[in-house]
Amino acid sequence: MQERDRIVAAALAALGEKGIEGVTLRSVADRLGVRHNTVRWHIESKARLFELMSDEIIAGCTAAPLPDDWAERVFELSSRYRARLLHYRDGARLVAGVGTYEPATLDYAEVMISALRGSGATAQVAAWAHFTILYFLLGISQEEQAVDTVDPATKIDRARYPTLWESSRYLGPSEFDARFRFGLQSILARLRTDPAGGLMAAPRGGIRT
């Protein structure tokens with residue numbers, strides 16, 4: 001294992017133990033038993049460390065065989081991505097906070113956009129759909145990792161927010177898998193019916209009503 005890989009592995013171990021706030025170049029150096037400057041020489045900065053950690057978190061999403069059908073392929077890739085985020089404490093929060101052009105990140109984007117092109121979407125629509133799915137995955141995964149086990153209905157005033165209270169039964173911790181499927185299937189359904197991306201025709205100032 002190269003020194004940079006050892007540093008990233010140590011940083012991910014620190015992430016699991018202490019969360020994102022506990023990951024610093026110094027804490028990683030202490031974990032490895034080396035000087036702080038040694039870690040900085042290989043990694044340069046905390047921002048760069050987080051980029052490499054982000055790439056490692058999603059590494060492997062494209063390794064196993066994928067379904068032939070474009071929609072099933074997108075669903076499987078998204079499921080793997082979400083699973084990788086949830087595997088690491090604060091994984092979604094860390095990945096959402098950085099932008100990186102490392103190999104695993106680029107591999108995932110390449111395979112995902114290629115799958116979305118299978119719907120008949122243009123390069124622009126496929127790229128935008130990829131980021132729409134990505135934002136959804138990062139958002140719901142961050143919520144899932146931060147959520148407590150309290151029933152949402154117990155925190156909502158039924159008299160003041162009757163509609164929200166009625167819906168709260170579908171917002172508990174046990175509903176994340178169903179919400180993930182619903183959200184992703186909604187995006188895919190739009191691509192099935194309008195792969196050309198009808199929203200592209202909207203004026204730059206917004207969608208007129």
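Colleague: Which residues make the nonpolar surface patch of about 380 Å²?

Modeller: Tyr 161, Leu 164, Tyr 170 and Leu 171 make this patch in the predicted model. Leu 171 sits in the loop that runs between helix 9 (162-167) and helix 10 (176-193). Its relative accessibility is 36%, so Leu 171 counts as partly exposed.

Colleague: How many residues does the largest nonpolar core have, and which have the most contacts inside it?

Modeller: The general idea is that nonpolar side chains tend to be buried together in soluble globular proteins. Here the largest nonpolar core has 53 residues, and those with the most contacts inside it are Leu 15, Leu 49, Met 53, Ile 57, Tyr 81 and Leu 116. Helix 8 (residues 123-146) gives the largest share of this core, eight residues. Leaving out residues up to four places away in sequence, Tyr 81 touches Ile 58, Cys 61, Val 95, Tyr 108, Leu 134, Leu 137 and Leu 138.

Colleague: Is Gly 19 buried or exposed?

Modeller: Gly 19 counts as buried because its relative accessibility is 1%, and the cut-off is under 20%. Gly 19 belongs to the loop between helix 1 (3-18) and helix 2 (25-32). Apart from neighbours within four places in sequence, its contacts are Ala 14, Arg 89 and Asp 90. Gly 19 and Asp 90 are 71 residues apart along the chain, yet their C-alpha atoms are separated by 6.1 Å.

Colleague: What does Phe 75 touch, not counting residues up to four places away in sequence?

Modeller: Phe 75, in helix 5 (residues 70-87), touches Phe 180, Arg 181, Leu 184 and Gln 185 on that count. At 21% relative accessibility, Phe 75 counts as partly exposed.

Colleague: How many salt bridges does the count come to?

Modeller: Side chains of opposite charge can pair when their charged atoms come close. In this structure the count comes to 10 salt bridges. One of them joins Glu 3 and Arg 6, at 2.9 Å from N to O. These two are three residues apart in helix 1, so about one helical turn separates them.

Colleague: Where do Glu 21 and Arg 93 lie?

Modeller: Their side chains meet in a salt bridge of 2.6 Å, N to O. Glu 21 is in the loop between helix 1 and helix 2, and Arg 93 is in helix 6 (residues 91-96), so the pair ties together parts 72 residues apart in sequence. Glu 21 is exposed, with 55% relative accessible area, while Arg 93 is partly exposed at 39% relative accessibility.

Colleague: Which residues are linked in a network of salt bridges?

Modeller: Arg 48, Glu 51 and Glu 102 form such a network.

How values were computed. Residues are numbered from 1 along each chain as its sequence is written. This is a predicted model: local features need pLDDT of at least 70, side-chain atom pairs count only at pLDDT 80 or more; totals for chains, interfaces and linings use all residues. Side-chain values use heavy atoms; hydrogens and water are left out. A nonpolar core is a set of buried Ala, Val, Leu, Ile, Met, Phe, Trp, Tyr and Cys residues joined through side-chain atoms within 4.5 Å. Buried means under 20% relative accessible area, exposed over 50%, partly exposed in between (1.4 Å probe, protein chains only). Helices (H or I, at least four residues) and strands (E, at least two) are DSSP runs, numbered from the N terminus. Contact means heavy atoms within 4.5 Å. Patches are made of residues with over 30% relative accessible area and no salt bridge: like charges are joined within 9 Å, nonpolar side chains (Val, Leu, Ile, Met, Phe, Trp, Tyr) within 5 Å. Accessible areas come from the Shrake-Rupley method with a 1.4 Å probe; for residues, only the protein chains shown count as cover. A salt bridge is a side-chain nitrogen of Lys or Arg within 4 Å of a carboxyl oxygen of Asp or Glu.
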